[in-house]
Amino acid sequence: GSQCLGMGQSLAQSSSVFRDTLDTVLAELDRHLSKPLRSVIFAEKGSEEEAELDQTRYTQPALFAVEVAWAAFWQHCAVVPDILLGHSIGELVAAHVAGVLSLEDAAKLVCARGDLMQSCESGGAMASLGGSEEEVLSLLASESGRVDIAGLNGPSQTVISGDEPVVEALMAKVEAQGRKATKLSVSHAFHSAHMETMLDDFRTVAESCTFHPPQISVVSNLTGKLATAEELTSPDYWVRHVRQAVRF
């Protein structure tokens, strides 16, 4: 799911496995951040940090930390996965849990991803539309502007991303057809042409990481199929993962 203030807080109080894992992951992530991530995730309602949770430089590492701790909790409860998958940043969680990336490299990659995305141009928007990929693509063809399919979350739930005026125009078209259109609470237009400026710098960071063959199968966001070891251990895969649609 998406980020929410205080996510994981009650479980951190009741589960030592979740709490200890979260502490370990937060300590590694904090090496790459300008402020302690715990203060953002567990911020007080109405505080300055509350708004920061929706800024992607904090959103992505926050989701990574909580999801890795959740994975440790489930495994402690004897829920052992045969296959892993995650949505966008969640696939980096899956890659870490599968042994593709050490915690040190995963934290470096996740924080660079969030920080570089934050540096991309503003003025973008994202929306979830009621409609298949084919139906939404037909709408995109009739609009001028930079808007892409950003995610396929279900057979009739397609996310678009790009220039805000065009995204809003497409939302109006879909609503006029009696379908649901929901604008997403995001800081930038992810998985769109708005991300182009950060890809080279992100590639440099990815190339500095060490990748290992997965010990657990991972489903790819790029293909919707099981990812190969060659894909998951390629820096180019993770660069394309930033720009292309999430085929969840």
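**Sheet, cores and ring pairs: a dialogue**

Author: Five strands make an open sheet with mixed pairing, in the order 5-2-4-3-7. The model is predicted: local features need pLDDT of at least 70, side-chain atom pairs count only at pLDDT 80 or more, and totals for chains, interfaces and linings use all residues. Residues are numbered from 1 along each chain as its sequence is written, and side-chain values use heavy atoms, without hydrogens and water.

Reader: What makes strand 5 and strand 7 edge strands?

Author: Strand 5 (181–183) and strand 7 (246–247) each have a single partner strand, so one side of each has no neighbour in the sheet. Strands here are DSSP runs of E, at least two residues long, and helices are runs of H or I, at least four; both are numbered from the N terminus.

Reader: How do you know that strand 2 and strand 4 pair?

Author: Two strands pair if DSSP finds at least two bridges between them. Strand 2 (residues 124–130) and strand 4 (residues 157–163) are joined by seven bridges and run antiparallel. One of the links sets Met-126 against Ser-161 in strand 4.

Reader: Why is the pair of Phe-73 and Trp-74 called edge-to-face?

Author: Rings of Phe, Tyr and Trp (its six-membered ring) pair if their centres lie within 6.5 Å; planes under 30 degrees apart are stacked, over 60 edge-to-face, and the rest tilted. The centres of Phe-73 and Trp-74 are 6.1 Å apart and the planes stand at 65 degrees, so the pair is edge-to-face. The whole structure holds two aromatic pairs. The other joins Tyr-237 and Trp-238, with centres 5.0 Å apart and planes at 85 degrees, so this pair is edge-to-face too.

Reader: What makes a set of residues a nonpolar core?

Author: A nonpolar core is a set of buried Ala, Val, Leu, Ile, Met, Phe, Trp, Tyr and Cys residues joined through side-chain atoms within 4.5 Å. The largest one has 62 residues, and Leu-29, Leu-37 and Phe-64 touch the most other members. Helix 7 gives the largest share of this core, nine residues. Leu-29 touches Leu-37, Pro-61, Phe-64, Ala-65, Ala-107 and Cys-111, not counting residues up to four places away in sequence. Contact means heavy atoms within 4.5 Å. A second, separate core has 17 residues, among them Ala-125 and Leu-139.

Reader: How do you know that the buried residues of helix 8 lie on the same side?

Author: The buried residues of helix 8 (residues 133–140) are Glu-133, Val-136, Leu-139 and Leu-140. They cover an arc of only 125 degrees around the axis, so they lie on the same side of helix 8. The arc is that of the directions from the helix axis to the C-beta atoms.

Technical notes
Buried < 20%, exposed > 50% of the residue type's maximum accessible area, 1.4 Å probe, protein only.
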